[in-house]
There are 2 protein chains.
Amino acid sequence: MLVDTGACERNVHLCHHGRSEPGCGDCAVRPISVCSVLTLPELDQLEALSQHLTLDKGQTLFGQGEPADFVFNVIEGCLRLTRLLPDGRRQVMGFALPGDFLGLALQERYTVSAEALGHVRTCRFDREDFAAVTEANARLLKSLHDRARFELTLAHDQMLLLGRRTAEEKVAAFLLSLKDRFARIGHNSVTVELPMGRQDMADYLGLTIETVSRMLSRLDRAHSILLVPGGVRLLDQDRLERLAAS
Amino acid sequence: MLVDTGACERNVHLCHHGRSEPGCGDCAVRPISVCSVLTLPELDQLEALSQHLTLDKGQTLFGQGEPADFVFNVIEGCLRLTRLLPDGRRQVMGFALPGDFLGLALQERYTVSAEALGHVRTCRFDREDFAAVTEANARLLKSLHDRARFELTLAHDQMLLLGRRTAEEKVAAFLLSLKDRFARIGHNSVTVELPMGRQDMADYLGLTIETVSRMLSRLDRAHSILLVPGGVRLLDQDRLERLAAS
DNA sequence: CGAAGCCGTTGCGTTGGATCAATGCGCGGC
DNA sequence: GCCGCGCATTGATCCAACGCAACGGCTTCG
């Protein structure tokens, strides 16, 4: 529950699309992004409005309270979405992975901050531009709506987790859900990478860093998982699923 | 955290629209429902697909796990949306009031149960029928999408509340949010009706019934609120807002 | 009018997770 | 190789919320 040091780098690397780099047609995350429903001509139209933007670890894509002028597709890397209370308590609302769209829950201003947990590449659109395309393209709107509905069910799952699950259940459920998300974007393995730190997990699960660490140690001691540098190997997935049971 | 007794009445009153009762054009919640964006001819089209359905206190509109064959507009009354864990732990995902649309977070099956907290009137659509109308009407889709996005921000607020707020803050925030919601549907008063029981509040806030009761008593003793039968009068809204601070 | 339920409140002991405090460990810089 | 830093782990203690139990008020029903 640390207060953000505020030393968030903002000198992100920005570049307009040009002939020299691969366009939307070759985009690695196209099949799993909102763009998957677009035809090639529509993609061209969208590409003209897009800018690529890369971040390094620790840099901020946008900050809570700032005017919400842009929406984003995550192409590569992982971002942490956090909301901060005035007294420094922090809730991590989620982690954005490749293929995710940032800008669904949009108001006039961003309600969360988005920070890179490692090297990140995104595709950025002016919010008004993007809204105009959405307005004119029912398939894109439908695709966004489907994503919003899916996000809503995820949020409901998380509400159940935060409200009614024990610390051990929370950690087990988190590891399994992360495994599933990585599986869906191609990286399929029993060893789950943990791009975020313990504090981030704690703030996501409504726990403290110490409790997360203790629960991971307990699961490790019970041979349900194996703690490895930078991640976790899921040894007894059945037991984890029983713990996370819903 | 009681296990549902399962004695949920399902003999709801159902009637097709006929000349004898007021149609969508005269619907009390039209201005605040998803239907507000529809023209009169479009309303007629929708009305032909709709059935009115009334419930009495304790009756179930739909149950978690059942095939999600219908979507609903709430016309009158209040419903409790709950998700149950296998061991009986319960999370109330929300309370639906007049003007609310049930069916945004829809999967193949309902992920929550919806139960009437008093007399309830709803407007029901076959899910496929409604999807077809949505597909063909971009304005309706946009309206639903806006609602989904709004619900998503509400869910995020609730995640912060569940994860990082104290019992007293949770109760204060709940009372204020309920006041706001009632205000938005016309019932504007410092005395907030509480259609749900203490157990429902507890399961919504991730607390026990005793803790909710204690916090209400504490706020009452501090003259921040006044407990009245069936509701609460907000005496010191500033202090409540400071407690709920975000 | 009394009995039986149901719901909400309150008191009290318990406890899961928070908090405080050390210690460990890997990594980059020099 | 050694130092310093940030992060993770572990132990000891504390406390906010839980769990249990008793009580009280309201409603329903015979």
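Residues 165-238 of chain A are 55% helix and 15% strand in this predicted model, with the end C-alpha atoms 18 Å apart. UniProt, in an unreviewed entry, lists residues 165-238 of chain A as "domain: HTH crp-type".

In chain B, 3 strands form an open sheet in the order 10-12-11, with antiparallel pairing. Strand 10 (191-193) and strand 11 (225-228) of chain B each have a single partner strand, so they stand at the edges and one side of each is left without a neighbour in the sheet. From one strand to the next, the twist averages 25°. Strand 10 of chain B is joined to strand 12 of chain B by 3 bridges, and B:Val192 has B:Val232, in strand 12 of chain B, as its bridge partner.

Helix 4 of chain B lies across strand 10, strand 11 and strand 12 of chain B.

| Pair in chain B | Angle |
|---|---|
| Helix 4 (residues 167-184) and strand 10 | about 85° |
| Helix 5 (residues 198-205) and helix 6 (residues 209-221) | about 100° |

The axes of helix 5 and helix 6 of chain B are 8 Å apart where the helices pack. Their angle of about 100° makes helix 5 of chain B roughly perpendicular to helix 6 of chain B. Helix 5 of chain B contributes B:Arg198, B:Gln199, B:Met201, B:Ala202 and B:Leu205 to the contact, and helix 6 of chain B contributes B:Ile209, B:Thr211, B:Val212 and B:Ser213. By class, this contact of helix 5 with helix 6 of chain B has 5 nonpolar, 3 polar and 1 charged residues.

Conventions:
Residues are numbered from 1 along each chain as its sequence is written. Chains are lettered from A and ligands numbered from 1 in the order in which they are written. This is a predicted model: local features need pLDDT of at least 70, side-chain atom pairs count only at pLDDT 80 or more; totals for chains, interfaces and linings use all residues. UniProt positions are given in the numbering used here, feature names are shortened, and annotations may be inferred rather than shown by experiment. Helices (H or I, at least four residues) and strands (E, at least two) are DSSP runs, numbered from the N terminus. Two strands pair if DSSP finds at least two bridges between them. Axes are lines fitted to C-alpha atoms, for helices over the stretch in contact, and angles run from 0 to 180 degrees between N-to-C directions. Two residues are in contact if their C-beta atoms, placed from the backbone, lie within 7 Å. Angles under 35 degrees count as roughly parallel, over 145 as roughly antiparallel, 65 to 115 as roughly perpendicular and the rest as oblique. Ala, Val, Leu, Ile, Met, Phe, Trp, Tyr, Cys and Pro count as nonpolar, Asp, Glu, Lys and Arg as charged, and the others, Gly among them, as polar.
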